[in-house]
Amino acid sequence: MTLAVIQSRPLMRYNGKFYLGNYSDFVKYGKLCDQFIYCASVIEVEDFDTVKNLKPQSDFPNSRIAIVKSSLRELFSPKPSNVKLLKNVINEADVVVIKTPSMTTGKWAYKYARQMHKKCILEVIACAWDSFWNHSIKGKLMAPYNFWNARKMIGSAENVIYVTDKFLQRRYPTRGRSIGCSNVVLGPADETILIDRQERIKAFNPKGRINIGTAGAVYVKFKGQQYVIEAMAQLVSEGYDYHYYLAGGGDNRRLKAIAEKYLLTDRVHFLGMVPRDKMTDFYRSLDIYIHPSLAEGLPRVLIEAERQALPACGANASGTPELLNEEFVFKKKSPSDICRILKKFSKDVMLEQSKENFERSKLYSTEVLDNRRKEFYSEIMAKKK
C-alpha cells in the first residue's frame with residue numbers, strides 16, 4: 001500500500017538533505033504501508049547547527065518527500081504547480097492522509113482526492129479556532145474562516161482520526177467513520193520508572209528547590225510559558241524556590257525579557273531544542289511538569305511526561321484536560337490560578353499523582369495506538385469505493 005501524507009508544517013533542508021523536527025510521523029506511517037509520500041513545504045537552512053539534533057529523512061527508506069510551495073495567497077486559488085504536484089501525489093496513492101487544520105494545501109488536496117475518488121483520511125491534529133485565535137492579531141482575523149473551513153471538511157469526510165477522545169470530536173463532528181487515536185510515540189511502560197520517581201518524591205522537600213518544566217516552542221505566544229513566569233514571580237516573593245526549565249526551539253528573547261522584568265533570569269532556564277532521544281532526561285530532571293498552552297490537539301509532551309510518572313498540571317484549553325485529574329487543571333492565561341495549583345503539590349499529593357499519571361499513560365502505549373490505527377486503516381482498505 002502507498003500512502004500520500006499531506007500537511008502544512010514545513011520540513012528543514014540542509015545541503016540537499018531533509019531533516020525532521022517531529023520524526024514520530026515517519027515512524028507511524030512507516031508501519032502502516034509499504035511506502036509513503038510525505039507532502040510538505042520546506043525551509044532552507046544554511047547552518048548545520050540548526051538541524052544537528054534532528055533526524056534525517058534518509059533514516060526512513062520507505063518515505064519520499066514531495067515539496068509544495070504553500071502560502072496564504074493560495075487561500076482561494078492554488079498555484080498551477082501545486083495543483084499538478086498534489087494531483088500527481090494523490091493519483092499515485094492508495095490512501096490519502098490529510099492533516100487538518102489546513103486552509104491552503106490540505107483544503108485543495110481534500111478537494112482533489114474527492115474528485116479523483118480516492119480513499120481519504122482526515123487527521124484532526126489541532127483545533128482550527130484555538131490555533132489561530134491565540135496566535136496574533138492577524139490570526140484572530142483568520143480564525144473564523146479557519147474554523148468554518150475545518151468544520152466543513154471534517155463534517156463531510158468519510159474517515160476521520162482525531163488525536164483526542166472528546167474535545168475535537170465535540171467541536172468538529174463528522175458524519176463519517178471516526179476513531180480517537182493520539183499521535184504520540186511512547187517507550188515501554190517500565191514499572192521501574194514509577195518506582196524511581198516515587199523514591200525521588202519521598203525525598204522531596206516542598207520548602208526546597210522545585211524544578212518545573214514545559215516542552216514547547218519558545219517563540220510561539222500561545223504556548224503560554226509567559227504565564228508560568230508571571231506565576232513564579234508571585235511564588236518566589238512568597239519564599240518558594242522555583243526554577244523553570246523550557247525545552248523548545250526558536251527565538252527566546254520575548255520570554256527572556258519577561259523573566260528579566262520579574263528579576264527571574266537566574267530561575268528561568270532556556271534549554272533550546274532538546275533532541276528526541278534526550279527528552280526522557282529532561283522529564284526526569286523535573287519535579288512537576290506544567291503545560292500552559294492555549295491551543296492543542298492532545299499534547300503529546302504531556303503524555304510523555306506522564307509516562308515518566310511526573311506529577312503534572314495544565315491549562316483548561318483544547319484536549320489538555322483529558323490527560324489530567326480535574327483538580328490539576330488551571331484557568332488558561334491565569335498566573336494566580338497557576339500559583340493555586342502548584343501550591344497543591346504536597347509530597348502525598350505528588351505520590352498519588354505520579355502513580356495516576358503513569359497508569360494513564362498506558363492508555364497511549366505505542367502498541368495500543370498502533371493496533372487501533374491499523375484496524376481503522378484495514379477497514380478503510382476493505383471497503384469498496
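**Working chat: helices, sheets and spaces**

Author: Let's start with Asn357, which lies in helix H13, residues 347-361. Bear in mind that this is a predicted model.

Reader: Is Asn357 buried or exposed?

Author: Asn357 counts as buried, because its relative accessibility is 0%, and the cut-off for buried is under 20%.

Reader: What does Asn357 touch, not counting residues up to four places away in sequence?

Author: Its contacts are Glu306, Leu310, Pro311 and Ala312.

Reader: How far apart are Leu263 and Phe36?

Author: In space, 50 Å from C-alpha to C-alpha. In sequence, 227 residues separate Leu263 from Phe36.

Reader: On to sheets. What is the strand order in the open sheet of 6 strands?

Author: The order is S14-S13-S12-S15-S16-S17, and the pairing is parallel. S14 and strand S17 (329-330) are at the edges. Each has a single partner strand, so one side of each lacks a neighbour in the sheet.

Reader: How many bridges between S12 and S13?

Author: Strand S12 (residues 209-215) and strand S13 (residues 241-247) pair over 7 bridges, in the parallel sense.

Reader: In which sense do S3 and S6 pair, parallel or antiparallel?

Author: Antiparallel, over 2 bridges, with S3 covering residues 17-20. Tyr19 has Pro56 in S6 as its bridge partner.

Reader: Let's do S1. How many of its residues are buried?

Author: 5 of the 5 residues of strand S1 (residues 2-6) are buried, so the rest of the structure largely encloses the strand. Thr2, Ala4 and Ile6 are buried on one side, and Leu3 and Val5 are buried on the other.

Reader: Why two sets like that?

Author: Side chains in a regular strand alternate between the two faces of the sheet.

Reader: What does S1 pair with?

Author: S1 pairs with strand S4 (residues 35-40), parallel, over 5 bridges. There, Ala4 stands opposite Ile37. S1 also pairs with strand S8 (residues 95-100), again parallel, over 4 bridges. In S8, Ile98 is the bridge partner of Ile6.

Reader: Next, H3. Why is H3 largely enclosed?

Author: Because 8 of the 11 residues of helix H3 (residues 105-115) are buried. Among them are Trp108, Tyr110 and Tyr112. The buried residues of H3 pack against S1, helix H2 (80-92), S8, strand S9 (119-124) and helix H5 (137-156).

Reader: What follows H3?

Author: His117, with a positive phi near 60°.

Reader: What classes line the largest cavity?

Author: 4 nonpolar, 2 polar and 4 charged residues.

Reader: And the second largest cavity?

Author: About 40 Å³. Lys28, Glu123, Ile161 and Cys181 are among the residues lining the second largest cavity. By class, the lining has 3 nonpolar, 2 polar and 3 charged residues.

Reader: Last one. How much space lies in the second largest pocket?

Author: About 320 Å³. Of its 16 lining residues, Val185, Leu186, Gly187, Thr280 and Gln308 are the closest to its centre. Helices H1 (24-30), H10 (279-284) and H11 (300-307) each give two or more residues to the lining. The largest share, 3 residues, comes from H10. By class, the lining of the second largest pocket has 8 nonpolar, 4 polar and 4 charged residues.

Note on methods:
Residues are numbered from 1 along each chain as its sequence is written. This is a predicted model: local features need pLDDT of at least 70, side-chain atom pairs count only at pLDDT 80 or more; totals for chains, interfaces and linings use all residues. Side-chain values use heavy atoms; hydrogens and water are left out. Buried means under 20% relative accessible area, exposed over 50%, partly exposed in between (1.4 Å probe, protein chains only). Two strands pair if DSSP finds at least two bridges between them. Contact means heavy atoms within 4.5 Å. On a 1 Å grid over the protein atoms alone, a cavity is a set of points where a 1.4 Å probe fits but cannot get out, and a pocket is an open set with protein on both sides within 12 Å along at least five of seven lines; lining residues have an atom within 4 Å of a point. Grid points are joined across faces, edges and corners, and a volume is the space filled by probe spheres set on the points. Ala, Val, Leu, Ile, Met, Phe, Trp, Tyr, Cys and Pro count as nonpolar, Asp, Glu, Lys and Arg as charged, and the others, Gly among them, as polar.
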